[in-house]
Protein chains: 2
Amino acid sequence: MAKNIRDIAKSAGVSVTTVSKVINNHPSVSSKTKERVLQIIRDERFIPSHTARGLVKGRSKTLGIFLTTGLSHPFFSNVMVGMEDALKQTGYDLMYLAQIDWSPEYSLVRHALSRNVEGVLIFGFHKHDLNFDEMIQSEIPTVFIDMDMIGIRAGFVTSDNVESIKVAVRYLHELKHRKIAFLSGQLDSYVGKLRFEGYRQAIHELGLPYLSEYIATGDFTKASGYKAMKAFLQLKEPPTAVVCSSDMGAVGVMEAAKEAGLSVPNDLSVIGFDDIELAKHMQPALTTTHQDFHTIGYQSVLMLNDMINSPNVPPPALVVPTTFAVRESCAICSEEAVQ
Amino acid sequence: MAKNIRDIAKSAGVSVTTVSKVINNHPSVSSKTKERVLQIIRDERFIPSHTARGLVKGRSKTLGIFLTTGLSHPFFSNVMVGMEDALKQTGYDLMYLAQIDWSPEYSLVRHALSRNVEGVLIFGFHKHDLNFDEMIQSEIPTVFIDMDMIGIRAGFVTSDNVESIKVAVRYLHELKHRKIAFLSGQLDSYVGKLRFEGYRQAIHELGLPYLSEYIATGDFTKASGYKAMKAFLQLKEPPTAVVCSSDMGAVGVMEAAKEAGLSVPNDLSVIGFDDIELAKHMQPALTTTHQDFHTIGYQSVLMLNDMINSPNVPPPALVVPTTFAVRESCAICSEEAVQ
DNA sequence: AACGATATATAAAGCGCTTCCATAAACGCA
DNA sequence: TGCGTTTATGGAAGCGCTTTATATATCGTT
């Protein structure tokens with residue numbers, strides 16, 4: 001059943017070398033024999049072993065991907081769609097390296113190396129979970145997604161988190177809001193940190209007072225939003241608007257607000273982040289930052305492809321713009337604008 | 001940098017054979033040399049090439065996955081979480097075979113074979129898209145997800161589509177509904193067909209009249225639900241309830257109903273299918289069938305693992321039970337129960 | 001006719017590993 | 001002590017392919 005290059009050589013009455021040359025269409029084979037061999041290959045439905053070829057060439061036409069937070073990452077599948085397109089375009093298959101064990105001996109690099117992948121994508125959350133340093137220092141081309149890791153052979157791609165939040169805060173400011181609260185994500189995550197930074201910068205640039213009681217530390221979940229809003233409501237001057245680091249957080253905020261008898265957007269304006277499917281179907285539909293996951297996925301494998309093909313150009317960092325999706329969860333501040 | 005087994009052998013002062021035996025912990029090596037070799041392996045951070053080993057052993061500890069509808073399948077990522085767990089458990093890595101080209105010469109089998117995978121998962125939609133027959137007839141163990149393909153080396157796993165819809169229809173019947181419409185998905189898809197079949201059976205078993213005007217052919221999208229509901233509303237006896245083949249379809253139905261001034265659930269009961277994230281956050285929250293995607297993913301790789309390890313037991317078909325999630329989108333029928 | 005240059009084919013080595021087979025050393029037992 | 005066994009080790013072939021070096025045939029020049 002499983003044919004190899006020798007069988008073909010025999011059938012065609014040529015050497016293995018010649019068959020190999022035909023497969024890789026090396027010029028030094030006459031078009032006559034080339035045709036004959038090609039015909040046999042077709043007839044016998046022969047397909048060369050990618051694996052064997054990879055072994056000798058050292059190139060496997062395979063990329064590896066590590067999901068350090070598992071596949072349950074909420075946007076994984078969106079990012080993957082973009083990756084898929086780029087994979088098709090560049091001719092790579094993708095190996096999902098599932099066998100991460102979290103022991104100290106485990107090495108991403110070695111795992112990747114053993115699988116003979118030409119480059120790896122790392123999609124994750126927290127910077128300090130795994131031995132990324134080894135990865136960064138290794139020879140193997142790597143692109144990180146949503147982590148600002150950079151090295152001699154490592155680049156990254158991410159959304160423009162800082163600017164996105166600033167846009168959101170400015171928007172609220174234009175709507176006359178002055179008491180703008182912020183719900184963060186985990187502050188030890190790259191995006192969590194940056195979104196917080198965006199809030200800080202915006203508040204500062206707009207000349208608003210920076211009040212720590214308007215900052216709630218959450219973890220991207222609905223529960224953390226709910227809890228945060230409950231706390232905000234205890235304040236003697238509760239915020240009139242809250243910008244969240246995630247849509248799910250915003251959902252929690254809205255839920256708590258409704259429970260307290262507040263109407264969104266009339267009594268409270270809310271802004272999310274991510275633009276998950278749910279966002280546009282909510283009541284009211286959630287104003288939020290739309291991340292271009294497709295581009296993130298697409299560009300990350302293109303970047304990796306470039307890194308593989310041009311080992312000497314330093315790996316870039318790519319910041320993908322977001323779009324601010326204005327929907328129904330924000331309104332002009334009902335309070336007098338306080339000075 | 002990249003070490004091989006020969007380097008280790010040299011360092012340890014033993015033969016390549018011995019090193020290999022240590023790696024595979026073959027019994028015929030003294031514990032003394034074994035320890036020494038192991039130590040060197042650790043010191044030199046040597047990791048054997050999976051690829052080379054796969055070449056000689058014919059086993060790659062790799063599974064392949066084809067996504068015939070691409071990664072944009074709405075439940076892909078949920079299913080993958082389940083797969084991931086089973087991959088860890090069984091020790092496989094997963095190769096995403098992205099290079100499907102849709103030309104007639106393209107062969108899933110050959111692609112899989114060239115990549116030396118031990119088995120393949122096929123996750124898709126339509127039965128006739130690709131040359132699945134070749135796959136089914138091939139030697140290579142295959143499990144289909146959401147397709148009823150079965151062969152000497154092919155099994156499948158899917159949700160219990162028929163029964164799930166029957167449960168939904170019966171539930172409506174208990175709520176005194178008698179004019180129960182159905183929104184189908186694509187009828188050339190496996191799940192589309194089965195859900196329709198469930199509706200037919202339920203109607204029949206409940207002794208309700210089977211009315212073709214209560215059947216709308218959709219395609220799982222919101223748009224098709226919207227359109228279907230518009231049509232139902234033209235009827236002189238519009239349905240009092242509609243069961244949908246997808247949650248997104250149900251969203252469309254509800255939207256059309258609201259536009260027509262109907263209140264869900266008071267004037268119209270609606271049931272979805274899938275239990276997407278959105279479902280529980282809608283107003284009213286959507287009553288729907290919850291598919292156990294984790295189990296589907298998990299069991300499909302376990303099944304594949306079994307097929308690989310026991311080549312002689314005929315591949316099974318696994319039907320994973322669903323749970324019916326009662327929420328707020330259904331109410332007792334407001335009309336008199338018609339006889 | 002003799003020469004080097006060019007085109008075409010192949011043998012053989014090697015990628016990093018496993019495994020069969022042979023060999024050598026250590027052992028048990030009468 | 002001598003025999004057959006067991007235990008430990010290594011040589012070499014081979015998995016399916018690519019690639020280098022080499023051989024042979026063909027050709028154009030003068």
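Predicted model: local features only at pLDDT ≥ 70, side-chain atom pairs only at ≥ 80, totals over all residues.
Residues are numbered from 1 along each chain as its sequence is written, and chains are lettered from A and ligands numbered from 1 in the order in which they are written.

Strand S6 (residues 180-184) and strand S8 (residues 241-244) of chain A run parallel and are joined by four bridges. Helices (H or I, at least four residues) and strands (E, at least two) are DSSP runs, numbered from the N terminus, and two strands pair if DSSP finds at least two bridges between them. The open sheet around these strands has four members in the order S7-S6-S8-S9, with parallel pairing. S7 (215-217) and S9 (269-271) of chain A each have a single partner strand, so one side of each is left without a neighbour in the sheet. From one strand to the next, the twist averages 15°. Helix H10 (residues 222-234) of chain A lies across S6, S7 and S8, and runs at about 150° to S6(A). For such angles, axes are lines fitted to C-alpha atoms, for helices over the stretch in contact, and the values run from 0 to 180 degrees between N-to-C directions.

Where the chains join, S2 (residues 93-96) of chain A and S2(B) pair in the antiparallel sense over three bridges. Here A:Met95 is partnered with B:Met95, and A:Tyr96 with B:Leu94.

Chain B can be laid on chain A with an RMSD of 0.1 Å by a turn of 180° and a shift of 0.0 Å along the axis, the copies being superposed by least squares on the C-alpha atoms of residues with pLDDT of at least 70 in both. The two copies are thus related as by a two-fold rotation axis. In chain B, the C-alpha of B:Met95 is nearest the axis, 2.1 Å from it.

At the interface, 41 residues of chain B are in contact with 40 residues of chain A, contact meaning C-beta atoms, placed from the backbone, within 7 Å. H5(B) gives the most to this side of chain B, with seven residues. By class, the side has 20 nonpolar, 13 polar and eight charged residues. Here Ala, Val, Leu, Ile, Met, Phe, Trp, Tyr, Cys and Pro count as nonpolar, Asp, Glu, Lys and Arg as charged, and the others, Gly among them, as polar. Of the interface residues of chain B, 98% are also interface residues in chain A, so the copies meet through the same surface.

DNA strand D is surrounded by 27 residues, the closest being A:Asn4, A:Ile5, A:Ser20, B:Ser15 and B:Val56; a residue is near if its C-beta atom, placed from the backbone, lies within 6 Å. DNA strand C is likewise surrounded by 27 residues, with A:Ser15, A:Val56, B:Asn4, B:Ile5 and B:Ser20 the closest. H2 and H4 of chain A and H2 and H4 of chain B each supply at least two residues of the surface near DNA strand C.

Note on methods. Contact = placed C-beta atoms within 7 Å.
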